[in-house]
Protein chains: 2
Amino acid sequence: VSDRTLCVIGLGLIGGSLLRAAGGAGWKVRGTARPGTNLTAARDAGFDVSSSIEDVLAGAAADDALIVLAVPLPAIAEVLPVVARHAPDCRLTDVVSVKAPVAAAVARRARCARYVGGHPMAGTSTSGWAAGSATLFTGAPWVVSSDEGTDPLVWAQVATLALDCGAHVVPAGAAEHDAAVARISHLPHVLAAVLASSGAGGGPLALALGAGSYSDGTRVAASQPELVRAMCEGNRDALLDAVDDALGRLGAARGSLASTGALEATLRAGHQARLDFEAARAAAGEKGTGTIDLSARGSMRRLRELGHLGGRVVGLQGTRCQFQR
Amino acid sequence: VSDRTLCVIGLGLIGGSLLRAAGGAGWKVRGTARPGTNLTAARDAGFDVSSSIEDVLAGAAADDALIVLAVPLPAIAEVLPVVARHAPDCRLTDVVSVKAPVAAAVARRARCARYVGGHPMAGTSTSGWAAGSATLFTGAPWVVSSDEGTDPLVWAQVATLALDCGAHVVPAGAAEHDAAVARISHLPHVLAAVLASSGAGGGPLALALGAGSYSDGTRVAASQPELVRAMCEGNRDALLDAVDDALGRLGAARGSLASTGALEATLRAGHQARLDFEAARAAAGEKGTGTIDLSARGSMRRLRELGHLGGRVVGLQGTRCQFQR
């Protein structure tokens, strides 16, 4: 029994990259997917994969593996009872882009699982095993859910997986994660779709003139709409808040433009926000470093505070998290 | 007197690039700007420039040069009377991002000028002489106004300048141009500002998680807000229509998400629009080629029809425009 044994359910972009990245980092990895191109490609690449989820889960239970749900949100409800039946006590995580709905599904359908949610923030505009790579997670944020009551040992193992894959860990409560990604991931997809349609509404002349700003602003609209839809609709409540926020800001811009002709407030606030975003990326680690001991009281609260302030966990030794702010 | 003599007023990103590109293509070029870094840099680069707009315009009148207004929209009203005084009969064009307001200003303040508006669709996120280059216009669309009553000879000279700078010419009526750029240039700036602010409203956690979609969708918010503001506010009426279009689409998405939880219509339409945009860029010229004779009756109408359908002029021999669709 190794403490770095991984069982990946689903071998698409994320699951397939996970198999490669964790395997490359020395984890014992095994995977399962429905028969199809992803499964065939993984097998051809030499990985230990099988279309029998039951067999793979039985092996995971025997090895005390960390199980990763790497299927789209709509398939989670279907997979969880199978996990509960064949590997009821295993440590469990996922890579779905919303955390509260998955946690609720786990509580309903796999009560005994030792679950800690995860979300590696990497790649959505392509999909499938072929689009993945061992370096997909390099430098990416990987959210690990840090709500009260989280088992620190499971948290540590999920964080170790993320770090071994080259990511850094951003701790957050499930609801706080969902609110944040609604704003910086799901809302951008909705606005890109709106912008693409508004531009195309200008006919061939408008499209012929579309360059930098239109091309950048609509890039993610090239993503597979089914995947984007599952992601956005799965975070409905938080996304509604984000859309309302954007509607309010766009309506205010409209009112100001119509009445006084001025867009200064809108453009200046947006410019400052973009500069803040660029500065936050450039300054990671500059505000200080430190450690949080997972075995200490209040460790989950401290982790959430760290993430709330824009910090990240960049290393883990035993139960001690090294963080940067 | 050469038929390729150019007088550029304003030596920022566009004016400075124009001096370099047209000069490199064999035009006799001269420029003017207020004393400052742009003027100094142009002089240091060996160009014939002066801070005396009067002297430069007198020279342009003597040489029968094509004069280009390369100042921001708010400065146009100030420069036009000077042009009218010192070079009243010269051929005149501009590079401002709106066309109807400039045409109206010319009609008011420089009635005798032989004016045909222009708009090279290149670069807005940086500014100043130093940010320009001789290749800024390579492969870019350059709109040349083609309203009824346009003097074909002036049109031809503006088009020649655009082609010599490596651009292709997109013919359009001034109002049609303004409506199109509102959708694919000005609306993207407004939405980028809204998205940047909505994301930053999620605090440091949200910014720490911002990646592909947020970064792409907010990129143009890094542009100088003063320049963006002048551009957007100068196209107020058309931009209001575009913002209302976007508000309607975003409101519809909100309603659908709130009622049935579905975003399919929004995302599918946006995805198709993005594919149409990519296809339009890839397919330029595939639907056919031909010529339009500028000296024939109805040539401006034919040019506008060409632009309306997504076509472009790619060559000019005498009065014959070679076009692609």
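Two strands are said to pair if DSSP finds at least two bridges between them, and helices (H or I, at least four residues) and strands (E, at least two) are DSSP runs, numbered from the N terminus. The legends below describe a predicted model, in which local features need pLDDT of at least 70 and side-chain atom pairs count only at pLDDT 80 or more, while totals for chains, interfaces and linings use all residues. Residues are numbered from 1 along each chain as its sequence is written, chains are lettered from A in the order in which they are written, and side-chain values use heavy atoms, with hydrogens and water left out.

**View 1. The open sheet of chain A has 6 strands with parallel pairing.**
The strands of chain A follow the order 3-2-1-4-5-6. Strand 3 (49-50) and strand 6 of chain A stand at the edges with a single partner strand each, so one side of each is left without a neighbour in the sheet.

**View 2. Strand 5 of chain A pairs with strand 4 of chain A and with strand 6 of chain A.**
Strand 4 (residues 66-69) and strand 5 of chain A are joined in the parallel sense over 4 bridges, and L69(A) has D94(A) in strand 5 as its bridge partner. Strand 5 and strand 6 (residues 114-115) of chain A also pair in the parallel sense, over 2 bridges, with Y115(A) in strand 6 as the bridge partner of L92(A).

**View 3. V79(A) lies in helix 4 of chain A.**
Helix 4 (residues 73-86) forms a right-handed β-α-β unit with strand 4 and strand 5 of chain A. V79(A) counts as buried because its relative accessibility is 10%. Leaving aside neighbours within four places in sequence, V79(A) is in contact (heavy atoms within 4.5 Å) with I9(A), I53(A), L69(A) and V71(A). The C-alpha atoms of V79(A) and L69(A), 10 residues apart along the chain, are separated by 8.2 Å.

**View 4. In the interface, 87 residues of chain A are in contact with 87 residues of chain B.**
Chain A and chain B bury about 7,900 Å² between them (accessible area, 1.4 Å probe, lost on being put together and summed over both), 71% of it on carbon and sulfur atoms. On the side of chain A, L205(A), L209(A) and L250(A) lose the most area to chain B, together 9% of what that side buries. The rule for a salt bridge (a side-chain nitrogen of Lys or Arg within 4 Å of a carboxyl oxygen of Asp or Glu) finds 8 across this interface. The side chains of R268(B) and E226(A) meet in a salt bridge, at 3.5 Å from N to O.

Definitions and conventions: Right-handed = clockwise from strand over helix to strand, strands pointing away. Buried area = accessible area lost by both parts, 1.4 Å probe. Buried < 20%, exposed > 50% of the residue type's maximum accessible area, 1.4 Å probe, protein only.
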